[in-house]
Amino acid sequence: MKLVFICPETNAIFETEDFSLAENHGVQTDSNGEKVLNATVVLNSPCPYCQKIHRYRAKDLACPFDTNSGASIQLADHD
């Protein structure tokens, strides 16, 4: 499955299926009662725009099954 990412260096949008889950703490309920995956998504290969390996919080990525999901992607706390 491909996910959509935004390069934090160039703001360019790209999609890839070459990623893994890291620091997976499972599904949790946030303060609004919504279920979110508490994990980090890590690119397995370098970003096509800046050649760096980026890490993203799973909850900030757009859901590939929701056509109305426009998440604002933020980097995880550490690179």
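Arg-55 counts as buried, because its relative accessibility is 14%. By buried I mean under 20% relative accessible area, with exposed meaning over 50% and partly exposed in between, using a 1.4 Å probe and protein chains only. Arg-55 lies in strand β7; strands here are DSSP runs of E with at least two residues, and they are numbered from the N terminus.

The model is predicted, so to speak of local features requires pLDDT of at least 70, side-chain atom pairs count only at pLDDT 80 or more, and totals for chains, interfaces and linings use all residues. Two strands are taken to pair if DSSP finds at least two bridges between them.

Leu-21 stands opposite Val-41 in β6.

Phe-19 is also placed in strand β3. Is Phe-19 buried or partly exposed? Phe-19 counts as partly exposed, because its relative accessibility is 22%. Leaving aside neighbours within four places in sequence, Phe-19 is in contact with Met-1, Leu-3, Phe-5, Val-41, Val-42, Leu-43 and Asn-44. Contact here means heavy atoms within 4.5 Å. Phe-19 and His-54 are 35 residues apart in sequence, and 9.8 Å apart in space, C-alpha to C-alpha.

Together with Val-27 and Leu-37, Leu-21 makes a nonpolar surface patch of about 250 Å². Patches are made of residues with over 30% relative accessible area and no salt bridge; nonpolar side chains (Val, Leu, Ile, Met, Phe, Trp, Tyr) are joined within 5 Å, and like charges within 9 Å. The areas come from the Shrake-Rupley method with a 1.4 Å probe. Leu-37 lies in strand β5, residues 35–37, and is partly exposed, because its relative accessible area is 31%.

I now move to the start of the chain. Strand β1, residues 3–6, has a covered face with Leu-3 and Phe-5, and an uncovered one with Val-4 and Ile-6. Over four bridges, β1 pairs in the antiparallel sense with strand β2, residues 13–16. In this pairing, Phe-5 stands opposite Phe-14 in β2. The two strands form a hairpin with six residues between them, and Asn-11 in the turn has a positive phi of about 65°.

The next topic is salt bridges. How many salt bridges does a search of the whole structure find? The search finds four. A salt bridge requires a side-chain nitrogen of Lys or Arg within 4 Å of a carboxyl oxygen of Asp or Glu.

One of them joins Lys-2 to Glu-15, with the closest N and O atoms 3.8 Å apart. Lys-2 lies in the segment before β1 and Glu-15 in strand β2, so the pair ties together parts that are 13 residues apart in sequence. Lys-2 is partly exposed, at a relative accessible area of 47%, and Glu-15 is partly exposed at 49%.

Another joins Lys-52 to Glu-9, and here the closest N and O atoms are 3.4 Å apart. This pair links distant parts of the chain, 43 residues apart: Lys-52 is in the loop between β6 and β7, and Glu-9 in the loop between β1 and β2. Lys-52 counts as partly exposed at 41% relative accessibility, and Glu-9 is partly exposed at 48%.

Asp-60 forms a salt bridge with Arg-57, the closest N and O atoms being 2.6 Å apart. Asp-60 counts as buried, because its relative accessibility is 10%, whereas Arg-57, at 26%, counts as partly exposed.

Finally, I return to the loop between β6 and β7, where Cys-50 lies. Which residues does Cys-50 touch, not counting those up to four places away in sequence? They are Cys-7 and Glu-9. Cys-50 and Thr-10 are 40 residues apart in sequence, while their C-alpha atoms are 7.3 Å apart in space.

Methods: Residues are numbered from 1 along each chain as its sequence is written. Side-chain values use heavy atoms; hydrogens and water are left out.
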